[in-house]
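Please go through the fold below with me.

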Amino acid sequence: MSDPVPVITIDGPSGSGKGTVSSRVAEALGGWHFLDSGALYRLTGLAVEKAGIGFEDPQKAAEIAANLDVRFEQGKVLLGGEDVTLAIRTEQAGNRASKVAAMPEVRAALLDWQRQAVRPPGLVADGRDMGTTVFPDAPLKVFLTASAEERAKRRYKQLKEKGIASNIGELAEEIRQRDERDRNRSASPLVPAADALVIDSTGMTIEAVVEKILQAAHKVLPAG
Ligand code: C5P
């Protein structure tokens with residue numbers, strides 16, 4: 001029997017740098033695939049909003065999640081044929097995402113979708129529950145965090161680079177509320193897996209974080 005396709009999970013709160021770090025780790029490992037699971041929750045939130053059903057109906061939201069008409073094309077994200085690349089990156093989209101993410105029905109509907117992302121040579125999965133729920137057998141689980149202040153600053157810079165205006169004070173408050181909702185929900189709350197390597201990236205460069213993860217990866221992954 002062939003060896004299972006390896007998975008590295010990188011979980012943590014918003015603004016911890018997971019997205020950037022995960023895609024760099026995937027690249028450094030020689031073109032591993034990268035799963036941005038947050039995008040699926042952001043897309044579901046947007047689709048629920050567009051359907052006009054409100055955020056009180058988990059069954060309908062789960063139906064929407066299971067039937068998302070999404071395409072990832074040339075760096076763009078299309079929802080029902082419409083370019084939503086920027087629309088899913090706003091803080092409002094993040095808030096909607098965390099509302100649908102608190103619904104166990106939605107999480108269940110997105111589970112298969114996420115597991116199908118496992119393809120050779122390997123997958124780096126970025127999210128909140130990658131190590132605890134979606135890929136509990138991953139050989140390397142990372143939990144990336146940083147101080148709330150630093151995360152708000154990073155988010156501000158990231159949004160600015162995308163041409164999205166924001167206010168750092170409001171951003172810090174939104175991040176705080178979103179993290180609180182993510183940590184305290186009953187379905188797959190944001191917590192490090194028991195066997196996770198916890199990295200506090202406050203004051204660390206992206207390169208240093210990536211290096212630390214690669215070192216850990218080389219210890220657990222089969223050579224070759
Ligand atoms: O990572 P990102 O900021 O794009 O995630 C948006 C929201 O989606 C998070 O605040 C969280 O509520 C939800 N999410 C989740 N589980 C994941 C990924 C994201 O609950 N695996």
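Q: Which handedness does the crossing of α3 and α5 have?
A: This is a predicted model. In it, the two helices meet through Pro 58, Gln 59, Ala 61, Ala 62, Ala 65 and Ala 66 of α3 and Glu 105, Val 106, Ala 109, Leu 110 and Trp 113 of α5. The crossing of α3 and α5 is right-handed.

Q: How are α3 and α5 oriented to each other?
A: Their axes come within 8 Å and cross at roughly 15 degrees. Angles under 35 degrees count as roughly parallel. Therefore α3 and α5 are roughly parallel.

Q: Which residues of α3 make the contact with α2?
A: The crossing of the two helices is right-handed. On the α2 side, the contact uses Thr 44, Ala 47, Val 48 and Ala 51. On the α3 side, the residues are Ala 61, Ile 64 and Ala 65.

Q: At what angle do α7 and α8 pack?
A: Arg 151, Ala 152, Lys 153, Arg 155, Tyr 156 and Leu 159 of α7 meet Ile 168, Leu 171, Ala 172, Ile 175, Arg 178 and Asp 179 of α8. α7 passes α8 in a right-handed crossing. The axes are 9 Å apart, and the angle is about 115 degrees.

Q: Where is confidence lowest in the protein?
A: The protein averages a pLDDT of 92, and 99% of the residues score at least 70. Strand β1, residues 7-11, has the highest confidence, at 98. The lowest, at a mean of 87, is in helix α7, residues 148-161.

Q: What is omega for the peptide bond that joins Pro 120 and Pro 121?
A: Pro 121 sits in the loop between α5 (104-115) and β6 (123-127). The bond from Pro 120 to Pro 121 is cis. Its omega is about 5 degrees.

Q: How far apart in space are Thr 145 and Ala 65?
A: Thr 145 belongs to strand β7, residues 140-145. Leaving out residues up to four places away in sequence, Thr 145 touches Pro 13, Ser 16, Ile 199, Asp 200, Ser 201 and Thr 202. Ala 65 is 80 residues from Thr 145 in sequence. C-alpha to C-alpha, the distance between them is 28 Å.

Q: Which residue lies over the face of Phe 55?
A: For aromatic pairs, ring centres must lie within 6.5 Å, and the count comes to 0. A charge over a ring must instead be within 6 Å of the ring centre. At 5.6 Å from the ring centre of Phe 55, the residue is Lys 99.

Key
Residues numbered from 1 in each chain as written. Predicted model: local features only at pLDDT ≥ 70, side-chain atom pairs only at ≥ 80, totals over all residues. Heavy atoms only, no water. Phe/Tyr/Trp six-rings, centres within 6.5 Å; stacked < 30°, edge-to-face > 60°. Lys NZ or Arg CZ within 6 Å of the ring centre and 35° of its normal. pLDDT = per-residue confidence, 0-100. Helix = DSSP H or I, 4+ residues; strand = E, 2+ residues; numbered from the N terminus. Left-handed = near helix turned anticlockwise from the far one by under 90°. Contact = heavy atoms within 4.5 Å. Axes fitted to C-alpha atoms, helices over the stretch in contact; angles between N-to-C directions. Parallel < 35°, antiparallel > 145°, perpendicular 65-115°, else oblique.
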